[in-house]
Amino acid sequence: MGVEVRTEAVTKSFGSQRIWQDVTLTLPPGEVSALLGPSGTGKSVFLKSLIGLLRPERGSIFIDGTDITTCSNKELYEIRKLFGVLFQDGALFGSMNLFDNVAFPLREHTKKSESEIKQIVMEKLELTGLLGAEGKLPGEISGGMRKRAGLARALVLDPQIILVDEPDSGLDPVRTTYLSQLLIDINAQIDATILIVTHNINLARTVPDNIGMLFRRQLVMFGPREVLLTSEEPVVKQFLNGRMVGPIGMSEEKDEAQMAREQALADAGHYDNAIDEIEGIPPQMKAQPGMPARQGLERRRNRVLEIMHTLPPAAQAAIRDSMEQTGGMPARSVPASDAATQVLPAYTGNSPQYQGGGYDTTVRHPQTGR
(Lines give C-alpha, C1' and ligand atoms only; values in the text may rest on other atoms or scores of the structure.)
Protein backbone atom coordinates (compact mmCIF):
# COMPACT_ATOMS: atom_id res chain seq x y z
CA MET A 1 0.00 0.00 0.00
CA GLY A 2 1.15 3.52 -0.72
CA VAL A 3 2.18 5.83 2.09
CA GLU A 4 1.05 9.30 3.09
CA VAL A 5 2.99 12.31 1.82
CA ARG A 6 2.44 15.51 3.75
CA THR A 7 3.90 19.00 3.49
CA GLU A 8 3.57 21.67 6.14
CA ALA A 9 4.18 25.32 5.23
CA VAL A 10 7.03 24.55 2.82
CA THR A 11 8.69 27.51 1.09
CA LYS A 12 11.22 27.34 -1.74
CA SER A 13 13.30 30.08 -3.36
CA PHE A 14 16.20 30.31 -5.77
CA GLY A 15 18.23 33.30 -4.63
CA SER A 16 15.88 36.25 -4.37
CA GLN A 17 13.19 34.56 -6.48
CA ARG A 18 10.41 33.03 -4.39
CA ILE A 19 9.01 29.95 -6.17
CA TRP A 20 6.19 29.15 -3.75
CA GLN A 21 5.56 29.64 -0.05
CA ASP A 22 3.65 28.07 2.83
CA VAL A 23 2.45 25.08 0.79
CA THR A 24 0.51 22.67 3.01
CA LEU A 25 -1.17 19.57 1.60
CA THR A 26 -1.59 15.84 2.19
CA LEU A 27 -1.44 13.17 -0.51
CA PRO A 28 -3.64 10.39 0.91
CA PRO A 29 -2.06 6.92 0.78
CA GLY A 30 -2.89 4.88 -2.29
CA GLU A 31 -4.80 7.67 -4.03
CA VAL A 32 -4.03 9.45 -7.30
CA SER A 33 -3.54 13.22 -7.05
CA ALA A 34 -2.79 15.87 -9.68
CA LEU A 35 -1.05 19.23 -9.32
CA LEU A 36 -1.98 21.92 -11.84
CA GLY A 37 -0.80 25.44 -12.49
CA PRO A 38 0.48 27.76 -15.21
CA SER A 39 3.99 27.29 -16.56
CA GLY A 40 6.65 28.64 -14.23
CA THR A 41 4.73 28.13 -10.98
CA GLY A 42 7.21 25.57 -9.62
CA LYS A 43 5.30 22.32 -10.03
CA SER A 44 8.40 20.35 -11.05
CA VAL A 45 10.34 22.04 -8.23
CA PHE A 46 7.68 20.73 -5.85
CA LEU A 47 8.21 17.16 -7.09
CA LYS A 48 11.97 17.46 -6.65
CA SER A 49 11.43 18.77 -3.14
CA LEU A 50 9.24 15.78 -2.21
CA ILE A 51 12.04 13.38 -3.09
CA GLY A 52 14.72 15.45 -1.40
CA LEU A 53 16.57 16.59 -4.53
CA LEU A 54 15.83 20.17 -3.48
CA ARG A 55 15.49 21.37 0.10
CA PRO A 56 12.99 24.05 1.06
CA GLU A 57 14.09 27.02 3.14
CA ARG A 58 11.20 26.58 5.54
CA GLY A 59 8.61 23.97 6.41
CA SER A 60 8.49 20.20 6.70
CA ILE A 61 7.97 17.34 4.24
CA PHE A 62 6.78 14.11 5.84
CA ILE A 63 7.16 10.85 3.93
CA ASP A 64 5.40 8.07 5.82
CA GLY A 65 5.82 10.15 9.00
CA THR A 66 9.52 11.02 8.54
CA ASP A 67 10.49 14.65 7.97
CA ILE A 68 12.99 14.47 5.12
CA THR A 69 14.09 18.08 5.67
CA THR A 70 15.79 17.06 8.92
CA CYS A 71 16.95 13.48 8.26
CA SER A 72 20.52 12.46 7.43
CA ASN A 73 21.76 11.63 3.93
CA LYS A 74 21.74 7.94 4.84
CA GLU A 75 18.11 8.14 6.01
CA LEU A 76 17.17 10.11 2.88
CA TYR A 77 18.79 7.45 0.71
CA GLU A 78 16.56 4.80 2.29
CA ILE A 79 13.42 6.93 2.01
CA ARG A 80 14.07 7.53 -1.68
CA LYS A 81 13.66 3.80 -2.24
CA LEU A 82 9.95 4.35 -1.58
CA PHE A 83 9.76 6.50 -4.72
CA GLY A 84 9.48 5.85 -8.41
CA VAL A 85 9.83 8.96 -10.58
CA LEU A 86 8.82 9.47 -14.20
CA PHE A 87 10.51 12.62 -15.50
CA GLN A 88 9.20 14.64 -18.46
CA ASP A 89 11.57 13.18 -21.03
CA GLY A 90 11.85 9.72 -19.47
CA ALA A 91 15.46 10.55 -18.44
CA LEU A 92 16.81 7.40 -20.08
CA PHE A 93 20.50 6.72 -20.62
CA GLY A 94 21.06 7.13 -24.34
CA SER A 95 23.88 4.58 -24.50
CA MET A 96 21.86 1.81 -22.81
CA ASN A 97 19.14 -0.28 -24.40
CA LEU A 98 15.70 -0.35 -22.76
CA PHE A 99 16.44 -3.52 -20.80
CA ASP A 100 19.55 -2.04 -19.19
CA ASN A 101 17.81 1.27 -18.56
CA VAL A 102 15.00 -0.45 -16.68
CA ALA A 103 17.43 -2.78 -14.89
CA PHE A 104 19.67 0.08 -13.72
CA PRO A 105 17.93 0.78 -10.35
CA LEU A 106 17.95 -2.93 -9.49
CA ARG A 107 21.67 -3.23 -10.22
CA GLU A 108 22.41 0.01 -8.38
CA HIS A 109 20.29 -0.45 -5.25
CA THR A 110 19.81 -4.20 -4.75
CA LYS A 111 21.89 -7.38 -4.61
CA LYS A 112 19.55 -9.37 -6.82
CA SER A 113 20.98 -11.91 -9.23
CA GLU A 114 20.87 -11.26 -12.97
CA SER A 115 18.19 -13.93 -13.37
CA GLU A 116 16.00 -12.18 -10.78
CA ILE A 117 16.68 -8.84 -12.43
CA LYS A 118 15.70 -10.23 -15.82
CA GLN A 119 12.41 -11.56 -14.47
CA ILE A 120 11.49 -8.23 -12.85
CA VAL A 121 12.53 -6.14 -15.85
CA MET A 122 10.55 -8.27 -18.28
CA GLU A 123 7.49 -8.05 -16.01
CA LYS A 124 7.67 -4.24 -16.01
CA LEU A 125 8.29 -4.09 -19.75
CA GLU A 126 5.23 -6.28 -20.29
CA LEU A 127 3.19 -4.10 -17.93
CA THR A 128 4.08 -1.00 -19.94
CA GLY A 129 3.58 -2.65 -23.34
CA LEU A 130 7.27 -2.78 -24.29
CA LEU A 131 7.93 -6.50 -24.66
CA GLY A 132 9.98 -7.01 -27.80
CA ALA A 133 11.57 -3.55 -27.60
CA GLU A 134 14.03 -4.32 -24.79
CA GLY A 135 17.03 -4.35 -27.14
CA LYS A 136 16.32 -0.94 -28.65
CA LEU A 137 18.16 2.26 -27.71
CA PRO A 138 16.15 5.31 -26.57
CA GLY A 139 17.03 7.12 -29.80
CA GLU A 140 15.44 4.33 -31.83
CA ILE A 141 11.95 4.55 -30.32
CA SER A 142 9.13 7.09 -30.17
CA GLY A 143 8.58 9.63 -27.43
CA GLY A 144 5.62 7.65 -26.11
CA MET A 145 7.73 4.52 -25.86
CA ARG A 146 10.45 6.44 -24.02
CA LYS A 147 7.82 7.64 -21.55
CA ARG A 148 6.65 4.09 -20.98
CA ALA A 149 10.23 2.88 -20.59
CA GLY A 150 10.80 5.60 -17.99
CA LEU A 151 7.68 4.42 -16.19
CA ALA A 152 8.87 0.79 -16.31
CA ARG A 153 12.16 1.87 -14.73
CA ALA A 154 10.27 3.84 -12.07
CA LEU A 155 8.38 0.67 -11.15
CA VAL A 156 11.19 -1.89 -10.81
CA LEU A 157 11.78 -1.24 -7.10
CA ASP A 158 8.04 -1.65 -6.36
CA PRO A 159 7.64 1.95 -5.16
CA GLN A 160 5.00 3.02 -2.68
CA ILE A 161 5.00 6.55 -4.11
CA ILE A 162 5.07 7.40 -7.82
CA LEU A 163 5.80 10.94 -8.99
CA VAL A 164 4.92 11.73 -12.61
CA ASP A 165 6.15 14.98 -14.18
CA GLU A 166 3.99 16.07 -17.14
CA PRO A 167 3.23 12.66 -18.65
CA ASP A 168 1.54 14.38 -21.61
CA SER A 169 4.64 16.37 -22.59
CA GLY A 170 5.46 15.61 -26.22
CA LEU A 171 2.60 13.12 -26.61
CA ASP A 172 -0.53 13.35 -28.72
CA PRO A 173 -3.94 13.15 -26.97
CA VAL A 174 -4.43 9.46 -27.78
CA ARG A 175 -1.05 8.41 -26.33
CA THR A 176 -1.69 10.64 -23.31
CA THR A 177 -4.95 8.77 -22.67
CA TYR A 178 -3.17 5.42 -22.95
CA LEU A 179 -0.54 6.57 -20.45
CA SER A 180 -3.25 7.89 -18.13
CA GLN A 181 -5.01 4.53 -18.26
CA LEU A 182 -1.72 2.82 -17.51
CA LEU A 183 -1.25 4.93 -14.37
CA ILE A 184 -4.75 4.05 -13.15
CA ASP A 185 -4.13 0.36 -13.83
CA ILE A 186 -0.81 0.50 -11.97
CA ASN A 187 -2.53 2.15 -9.01
CA ALA A 188 -5.07 -0.69 -9.02
CA GLN A 189 -2.31 -3.30 -9.10
CA ILE A 190 0.13 -1.96 -6.49
CA ASP A 191 -1.96 0.60 -4.54
CA ALA A 192 0.80 3.21 -4.76
CA THR A 193 0.34 6.88 -3.86
CA ILE A 194 0.60 8.78 -7.14
CA LEU A 195 1.15 12.50 -7.80
CA ILE A 196 0.89 13.74 -11.39
CA VAL A 197 2.08 17.19 -12.41
CA THR A 198 0.28 18.20 -15.58
CA HIS A 199 -1.05 20.97 -17.83
CA ASN A 200 -3.40 18.54 -19.55
CA ILE A 201 -6.95 19.52 -18.62
CA ASN A 202 -8.57 16.32 -19.87
CA LEU A 203 -6.15 14.26 -17.77
CA ALA A 204 -6.77 16.50 -14.75
CA ARG A 205 -10.55 16.20 -15.10
CA THR A 206 -10.72 12.42 -15.57
CA VAL A 207 -7.80 10.72 -13.80
CA PRO A 208 -7.07 11.94 -10.23
CA ASP A 209 -8.92 11.45 -6.97
CA ASN A 210 -7.61 14.79 -5.70
CA ILE A 211 -6.51 17.98 -7.44
CA GLY A 212 -4.42 20.96 -6.35
CA MET A 213 -3.36 24.14 -8.11
CA LEU A 214 -0.37 26.46 -7.72
CA PHE A 215 -0.58 30.14 -8.72
CA ARG A 216 1.22 33.31 -7.65
CA ARG A 217 3.59 31.43 -5.36
CA GLN A 218 0.67 29.91 -3.44
CA LEU A 219 -1.29 26.69 -3.29
CA VAL A 220 -4.67 27.99 -4.41
CA MET A 221 -6.48 24.89 -3.17
CA PHE A 222 -6.08 21.16 -2.78
CA GLY A 223 -8.70 18.54 -2.08
CA PRO A 224 -11.12 16.03 -3.63
CA ARG A 225 -11.40 16.44 -7.41
CA GLU A 226 -14.97 17.71 -7.09
CA VAL A 227 -13.84 20.78 -5.13
CA LEU A 228 -11.61 22.17 -7.85
CA LEU A 229 -13.80 21.02 -10.76
CA THR A 230 -16.81 22.91 -9.35
CA SER A 231 -14.84 25.92 -8.11
CA GLU A 232 -15.93 29.44 -9.03
CA GLU A 233 -12.49 30.90 -8.30
CA PRO A 234 -11.50 32.99 -11.35
CA VAL A 235 -8.01 31.52 -11.70
CA VAL A 236 -9.30 27.95 -11.48
CA LYS A 237 -12.10 28.50 -14.01
CA GLN A 238 -9.74 30.29 -16.41
CA PHE A 239 -7.16 27.52 -16.25
CA LEU A 240 -9.64 24.67 -16.61
CA ASN A 241 -11.26 26.36 -19.61
CA GLY A 242 -8.06 27.62 -21.25
CA ARG A 243 -9.39 31.18 -21.61
CA MET A 244 -7.57 34.49 -21.94
CA VAL A 245 -9.99 36.30 -19.63
CA GLY A 246 -8.90 35.90 -16.03
CA PRO A 247 -5.95 36.45 -13.67
CA ILE A 248 -3.43 34.34 -15.65
CA GLY A 249 -1.49 36.16 -18.36
CA MET A 250 1.38 35.39 -20.71
CA SER A 251 3.82 36.34 -17.93
CA GLU A 252 1.71 34.47 -15.33
CA GLU A 253 0.21 37.55 -13.70
CA LYS A 254 -1.92 40.42 -14.99
CA ASP A 255 -2.47 43.78 -13.39
CA GLU A 256 -6.00 45.00 -12.67
CA ALA A 257 -6.06 47.34 -15.68
CA GLN A 258 -5.32 44.53 -18.13
CA MET A 259 -7.90 42.28 -16.49
CA ALA A 260 -10.49 45.07 -16.76
CA ARG A 261 -9.69 45.63 -20.47
CA GLU A 262 -10.01 41.96 -21.30
CA GLN A 263 -13.22 41.63 -19.32
CA ALA A 264 -14.68 44.59 -21.22
CA LEU A 265 -13.76 42.92 -24.52
CA ALA A 266 -15.33 39.69 -23.34
CA ASP A 267 -18.51 41.51 -22.32
CA ALA A 268 -18.61 43.09 -25.78
CA GLY A 269 -18.48 39.66 -27.41
CA HIS A 270 -14.87 39.86 -28.61
CA TYR A 271 -14.16 36.32 -27.41
CA ASP A 272 -17.42 34.74 -28.63
CA ASN A 273 -15.46 32.42 -30.89
CA ALA A 274 -13.56 30.99 -27.92
CA ILE A 275 -14.04 27.40 -26.76
CA ASP A 276 -17.30 26.94 -24.89
CA GLU A 277 -16.91 26.77 -21.14
CA ILE A 278 -16.53 23.25 -19.78
CA GLU A 279 -19.38 22.36 -17.46
CA GLY A 280 -20.02 19.41 -15.20
CA ILE A 281 -17.70 16.73 -13.91
CA PRO A 282 -16.85 13.86 -16.25
CA PRO A 283 -16.72 10.29 -14.94
CA GLN A 284 -13.39 9.31 -13.45
CA MET A 285 -11.23 6.89 -15.41
CA LYS A 286 -11.52 3.32 -14.10
CA ALA A 287 -9.05 0.47 -14.04
CA GLN A 288 -9.48 -1.84 -17.01
CA PRO A 289 -11.45 -5.11 -16.75
CA GLY A 290 -9.34 -7.85 -15.22
CA MET A 291 -7.47 -5.43 -12.95
CA PRO A 292 -7.92 -5.60 -9.17
CA ALA A 293 -10.36 -3.14 -7.61
CA ARG A 294 -8.65 0.14 -6.70
CA GLN A 295 -8.30 -0.01 -2.92
CA GLY A 296 -7.72 3.74 -2.82
CA LEU A 297 -11.27 4.37 -4.07
CA GLU A 298 -12.85 2.82 -0.96
CA ARG A 299 -10.49 4.69 1.36
CA ARG A 300 -11.21 7.91 -0.54
CA ARG A 301 -14.97 7.34 -0.30
CA ASN A 302 -14.79 6.97 3.49
CA ARG A 303 -12.45 9.94 3.84
CA VAL A 304 -14.58 12.23 1.65
CA LEU A 305 -17.77 11.30 3.51
CA GLU A 306 -16.09 12.33 6.77
CA ILE A 307 -15.16 15.78 5.44
CA MET A 308 -18.33 16.33 3.36
CA HIS A 309 -19.71 18.96 5.73
CA THR A 310 -16.55 21.07 5.26
CA LEU A 311 -16.82 21.18 1.46
CA PRO A 312 -18.59 23.80 -0.69
CA PRO A 313 -22.20 22.96 -1.63
CA ALA A 314 -21.40 22.49 -5.33
CA ALA A 315 -18.68 19.97 -4.49
CA GLN A 316 -21.01 18.15 -2.09
CA ALA A 317 -23.67 17.86 -4.78
CA ALA A 318 -21.13 16.52 -7.29
CA ILE A 319 -19.88 13.94 -4.78
CA ARG A 320 -23.45 12.80 -4.06
CA ASP A 321 -24.22 12.45 -7.76
CA SER A 322 -21.07 10.41 -8.31
CA MET A 323 -21.67 8.13 -5.34
CA GLU A 324 -25.34 7.62 -6.17
CA GLN A 325 -24.39 6.55 -9.69
CA THR A 326 -21.96 3.97 -8.29
CA GLY A 327 -24.20 2.91 -5.41
CA GLY A 328 -21.82 4.27 -2.81
CA MET A 329 -23.88 7.03 -1.20
CA PRO A 330 -25.32 6.29 2.25
CA ALA A 331 -29.01 6.98 2.78
CA ARG A 332 -28.39 9.88 5.13
CA SER A 333 -26.01 12.66 4.18
CA VAL A 334 -25.33 16.22 5.25
CA PRO A 335 -27.66 18.67 3.45
CA ALA A 336 -25.88 21.15 1.22
CA SER A 337 -27.50 24.02 3.11
CA ASP A 338 -25.64 22.93 6.25
CA ALA A 339 -22.25 22.94 4.58
CA ALA A 340 -19.48 25.05 6.02
CA THR A 341 -17.50 26.26 3.02
CA GLN A 342 -14.09 25.79 4.56
CA VAL A 343 -11.91 25.54 1.52
CA LEU A 344 -10.03 28.53 2.84
CA PRO A 345 -9.41 31.74 0.88
CA ALA A 346 -8.12 31.08 -2.58
CA TYR A 347 -7.45 33.57 -5.35
CA THR A 348 -10.18 36.21 -5.52
CA GLY A 349 -9.13 38.25 -8.53
CA ASN A 350 -7.56 41.33 -6.97
CA SER A 351 -7.47 40.46 -3.30
CA PRO A 352 -4.61 42.34 -1.60
CA GLN A 353 -4.54 39.74 1.16
CA TYR A 354 -3.77 37.05 -1.39
CA GLN A 355 -0.76 38.95 -2.68
CA GLY A 356 0.79 38.62 0.77
CA GLY A 357 0.32 34.86 0.78
CA GLY A 358 0.34 32.56 3.76
CA TYR A 359 -3.10 31.00 3.42
CA ASP A 360 -3.47 27.32 4.23
CA THR A 361 -5.78 26.21 1.44
CA THR A 362 -5.86 22.50 2.16
CA VAL A 363 -9.23 20.81 2.67
CA ARG A 364 -8.64 19.37 6.12
CA HIS A 365 -10.05 16.40 7.98
CA PRO A 366 -12.50 17.73 10.61
CA GLN A 367 -11.29 15.44 13.40
CA THR A 368 -7.57 15.12 12.91
CA GLY A 369 -7.05 18.60 11.44
CA ARG A 370 -5.05 17.02 8.62
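These legends describe close-up views of a predicted model. Residues are numbered from 1 along each chain as its sequence is written. Local features need pLDDT of at least 70, side-chain atom pairs count only at pLDDT 80 or more, and totals for chains, interfaces and linings use all residues, while side-chain values use heavy atoms, without hydrogens and water.

**View 1. The open sheet of four strands.** The strand order is β2-β1-β4-β5, with antiparallel pairing. At the edges stand β2 (17–27) and β5 (66–67); each has a single partner strand, so one side of each lacks a neighbour in the sheet. Strands are DSSP runs of E of at least two residues, helices are runs of H or I of at least four, and both are numbered from the N terminus. Two strands pair if DSSP finds at least two bridges between them.

**View 2. Strands β4 and β5, with helix α1.** Strand β4 (residues 58–63) is joined to β5 by two bridges, and the two run antiparallel. Ile63 stands opposite Thr66 in β5. Helix α1 (residues 43–50) packs on the sheet and touches β1 (5–14), β2 and β4. Its direction makes about 60° with that of β2; axes are lines fitted to C-alpha atoms, for helices over the stretch in contact, and angles run from 0 to 180 degrees between N-to-C directions.

**View 3. Gln181 in helix α6.** Helix α6 spans residues 173–190. Gln181 counts as buried because its relative accessibility is 17%; buried means under 20% relative accessible area, exposed over 50%, and partly exposed in between (1.4 Å probe, protein chains only). Leaving aside residues up to four places away in sequence, Gln181 touches Met285, Lys286, Ala287 and Gln288. Contact means heavy atoms within 4.5 Å.

**View 4. Residues 331–369.** Over this stretch pLDDT, the predictor's confidence in each residue from 0 to 100, stays under 50. The mean pLDDT of the chain is 81.
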